[in-house]
Amino acid sequence: MKHNLSFLIKVLALQCLAVLCASQGFDFFYFVQQWPGSYCDSKQGCCYPRTGKPASDFSIHGLWPNYNDGSYPSNCDPEAQFNPSQISDLTSRMQKDWPSLSCPSSDGLSFWSHEWEKHGTCSESILDQHDYFASALLLKRQSNLLQILKNAGIQPNGQYYSLDGIKAAIRGGIGYTPYIECNVDPSGNSQLYQIYVCVDTSGSNLIECPVLPRGKCGSRIEFPSF
Ligand code: 5GP
Ligand code: 5GP
């Protein structure tokens, strides 16, 4: 009887630890890039940043901590508010690689603040605010998705391309299979909106995705110009 009780206490203690660890940690990141042409070519439309029309290139949406079961933590630390002075050395690169296209026109600060507070605070034990944004910028440079697609003859010219062809081209270019998210243009055509790749918990290395988001593209999707 005494034996059983101490066993039970040990099991309970271990379970508590497991719950604590799970609530503080995460298993991997999604690194998500958006195609500006598809963000704009939709019912919601877009507004160019105050600094002008962004380059015709994929841009960063976010670096999102995720669990292997497909769920994800969010808004993990209300105390850790976004502080632009911590990323002043990164701002000009962020304006180029992480522009905000939502309306009204902005300088990106509110988009970056949203991404930090919703997602970045959940990987704070590994990446502080500066390193969180710096990691995302480095990841974008590590995989030039537009060049990889162009090399495979897949260009942002309003034509339709097979979803499998897009995935295969990226797998060939970076060594890992991406997840492709589509949105629809105002006429309801499915188009290439976002590309997800997976990153280990250090925020530096691409990995095979442990789990993919759910969603639906057509088997052939449009790649609009921008
Ligand atoms: P939506 O509902 O438009 O797919 O996603 C809205 C927002 O929820 C995303 O921009 C992102 O902040 C978050 N989100 C959606 N799916 C995932 C996911 O699979 N993992 C994580 N970490 N965040 C997600
Ligand atoms: P998430 O979907 O990651 O939760 O965050 C998207 C939020 O950021 C939305 O509130 C959206 O209005 C805002 N946002 C600002 N600029 C952009 C942009 O360029 N792309 C996307 N997808 N969302 C943006």
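Strand β5 runs antiparallel to strand β6 (residues 206–207), and two bridges join them. Before going on, the conventions. The model is predicted, so local features need pLDDT of at least 70 and side-chain atom pairs count only at pLDDT 80 or more, while totals for chains, interfaces and linings use all residues. Residues are numbered from 1 along each chain as its sequence is written, chains are lettered from A and ligands numbered from 1 in the order in which they are written, and side-chain values use heavy atoms, with hydrogens and water left out.

Helices (H or I, at least four residues) and strands (E, at least two) are DSSP runs, numbered from the N terminus. Two strands pair if DSSP finds at least two bridges between them.

Back to β5 and β6. Val 199 has Leu 206 in β6 as its bridge partner. The two strands form a hairpin with six residues between them, and Gly 203 in that turn has a positive phi of about 80°.

Strand β4 (residues 179–184) also runs antiparallel to β5, joined by six bridges. This too is a hairpin, with five residues between the strands; Gly 188 in the turn has a positive phi of about 90°. Ile 180 has Ile 195 in β5 as its bridge partner.

Strand β1 (residues 28–34) is antiparallel to β5 as well, again with six bridges. Here Gln 33 is bridged to Ile 195.

How many residues of β5 are buried? Ten of the ten in this strand, residues 190–199, are buried, meaning under 20% relative accessible area with a 1.4 Å probe, protein chains only.

Now the ligand. Ligand 2 has 14 residues around it, and Gln 34, Ser 100, Leu 101, His 114 and Glu 115 come nearest; a residue counts if one of its heavy atoms lies within 4 Å. Helix α4 (109–118) and strand β2 (59–66) each supply at least two residues of this shell, and α4 gives the most, with four.

For polar contacts, the cut-off is a pair of N or O atoms within 3.5 Å. A nitrogen atom of ligand 2 is 2.8 Å from an N or O atom in the side chain of Gln 34. An oxygen atom of the ligand is 2.7 Å from such an atom in the side chain of His 114, and for the side chain of Glu 115 an oxygen atom of ligand 2 is also at 2.7 Å. Taken alone, ligand 2 exposes 500 Å², of which the protein buries 73%; these areas come from the Shrake-Rupley method with a 1.4 Å probe.

Notes
Buried < 20%, exposed > 50% of the residue type's maximum accessible area, 1.4 Å probe, protein only. Polar contact = N/O pair within 3.5 Å; in protein donor to acceptor, adjacent residues only side chain to side chain.
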